[in-house]
Amino acid sequence: MELITYCFYLILLIYAFFIIQLILGYNKVKTFIRTDVSPKTAFTIIVPFRNEEKNLPKLLQSFSKLNYPYKLIEVILVDDFSTDSSERVCIRWRLEHEYLDTTLLENLRLSNSPKKDALGRAMPIAKHDWIVTTDADCIVNKNWLLTLDNYIQNNEVEMIVGAVVYKTKNNWFHHFQQLDLLSLQGTTIGSFGINKPFMCNGANFAYTKNFFTKIGGFGGINDKASGDDVLLLQKAVSANLEKVHYLKNNDFIVTTKPENDLFQLFMQRVRWASKTTGYSSTYAKFLAVIVLLMNLSLVIGCFLIVFGRNTNSLDYARDDNHWNLEFGIWNLFFVYSIKYVVDYILLYKANTYLLKGKWLLPLASSLLYPFYSSLVGIYSLFGSFSWKGRTFKK
């Protein structure tokens with residue numbers, strides 16, 4: 001049991017070191033203040049979609065409200081063989097908004113990644129050098145492109161990462177997802193602060209077509225069903241870290257929808273976690289392993305406490321067994337408490353930026369999270385996942 005205890009504390013020590021490092025990195029990423037300059041950057045917005053008839057109208061409506069010259073905006077919608085009325089929604093919207101340059105394409109499946117194929121389908125016909133990607137279930141801020149243009153004019157940059165947040169209803173299931181996403185967003189910002197960026201979200205991602213071509217596009221990462229964002233970012237960082245920036249500004253936050261179904265949430269997170277095996281960043285790989293081990297150790301600790309009395313390897317005298325059980329509980333409580341504190345600090349910082357300091361006490365979620373995270377992490381290494389009516393194998 002002493003060996004197990006030492007392992008727990010070693011994992012905790014390494015985990016805390018990484019999270020504290022990310023917290024310190026977060027503090028280094030300053031909020032960008034928009035200046036009063038005339039917009040001049042032309043953007044091509046690419047939106048791959050599949051079966052999004054309910055969500056597309058809200059996204060497209062947010063495009064029509066953009067506070068940006070329409071002559072500098074091109075929208076390319078790529079239909080990934082939808083079986084609902086998504087195409088009809090796009091056609092109707094395009095006819096009603098002829099002032100906005102909009103193209104509707106059908107995807108061409110060339111690889112194991114439909115989304116990368118969709119982006120690759122749109123890239124050759126994009127009229128503008130700056131490509132901006134988002135998802136069909138998102139809503140963008142009216143100053144989204146204005147802020148992006150302003151940042152581009154003030155910085156020498158080729159790729160820009162922005163934040164994504166959920167628009168939640170007042171229920172625990174949505175709040176749990178929000179906390180999970182906050183942790184990912186906090187990690188993203190922190191990694192930029194320590195010059196080791198490895199994470200981003202394709203729902204708010206921008207890069208130049210020239211830079212995309214220079215780094216070989218999606219070449220070498222097409223075997224992964226997902227990763228049009230994270231894996232591309234890591235290729236870019238390897239090629240030219242100085243040209244890859246994080247844009248921290250409240251007007252550059254994209255809002256998306258949480259899942260309403262537990263199975264769909266699990267499949268989504270498995271899809272996200274499946275990218276880790278394709279990481280090119282050694283730092284990212286090591287951090288992913290430590291996070292999994294940290295959560296898994298808490299699960300194992302709970303298992304040992306619950307079933308320890310009936311385990312032959314713990315065949316102590318009654319009093320000694322009772323003492324070891326209590327000792328194990330206190331060790332587990334201490335490890336959990338330290339993890340909770342360092343996680344909370346990073347969550348609090350992300351919450352202050354993304355949700356404007358909305359009240360946050362993730363106690364119940366933090367108790368469930370190790371089990372959820374361990375299951376997602378282990379399953380993603382071996383299992384397949386389904387998404388948008390398709391099944392993807394490892």
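Figure 1. Just after α6, Asn-195 takes a positive phi of about 60°. The model shown here is predicted, so local features are described only at pLDDT of at least 70 and side-chain atom pairs only at pLDDT 80 or more, whereas totals for chains, interfaces and linings use all residues. Residues are numbered from 1 along each chain as its sequence is written, and side-chain values use heavy atoms, with hydrogens and water left out. Helices (DSSP runs of H or I, at least four residues) and strands (runs of E, at least two) are numbered from the N terminus. Helix α6 covers residues 172-193, and at 1.5 Å a residue its 22 residues should span 32 Å, which agrees with the 31 Å between its end C-alpha atoms; the expected span is 1.5 Å times one less than the number of residues. Of these 22 residues, 18 are buried, so α6 is largely enclosed by the rest of the structure; buried means under 20% relative accessible area, exposed over 50%, and partly exposed in between, with a 1.4 Å probe and protein chains only. At the N-terminal end, Asn-171 caps α6 through a side-chain oxygen that lies 3.2 Å from the backbone nitrogen of Phe-173.

**Figure 2. The bend in helix α12.** Helix α12 takes in residues 363-382, and its 20 residues should span 28 Å at 1.5 Å a residue, in agreement with end C-alpha atoms that are 30 Å apart. At Tyr-369 the helix bends by about 40°, and Pro-370 follows within four residues; the bend is the angle between axes fitted to the seven residues ending at a position and the seven starting there. Among the buried residues of α12 are Pro-370, Tyr-372, Val-376 and Gly-377.

**Figure 3. Asp-251 and its surroundings.** Asp-251 is found in the loop between β9 (244-246) and β10 (253-256), and with a relative accessible area of 19% it is buried. Its side chain makes a polar contact with the side chain of Arg-34 at 2.9 Å; such a contact is a pair of N or O atoms within 3.5 Å, where within protein one must be able to donate a hydrogen and the other to accept it, and residues adjacent in sequence count only if both atoms are side-chain atoms. Leaving aside neighbours within four places in sequence, Asp-251 is in contact (heavy atoms within 4.5 Å) with Arg-34, Asn-141, Asn-143, Trp-144 and Thr-147.

**Figure 4. Aromatic pairs, with Tyr-9 and Phe-334 as one of them.** The whole structure holds 22 aromatic pairs, in which rings of Phe, Tyr and Trp (its six-membered ring) have centres within 6.5 Å, with planes under 30 degrees apart counted as stacked, over 60 as edge-to-face and the rest as tilted. The rings of Tyr-9 and Phe-334 have centres 5.8 Å apart and planes at 45°, so this pair is tilted. Because Tyr-9 lies in helix α1 (residues 2-28) and Phe-334 in helix α11 (residues 318-354), the pair ties together parts that are 325 residues apart in sequence. Both residues are partly exposed, Tyr-9 at 29% relative accessibility and Phe-334 at 41%.

Figure 5. The structure holds 0 disulfides, a disulfide being a pair of cysteine sulfur atoms within 2.5 Å. The sulfur of Cys-90, a residue that is buried at 2% relative accessibility, is 14 Å from the closest cysteine sulfur, that of Cys-138, which is too far for a bond.
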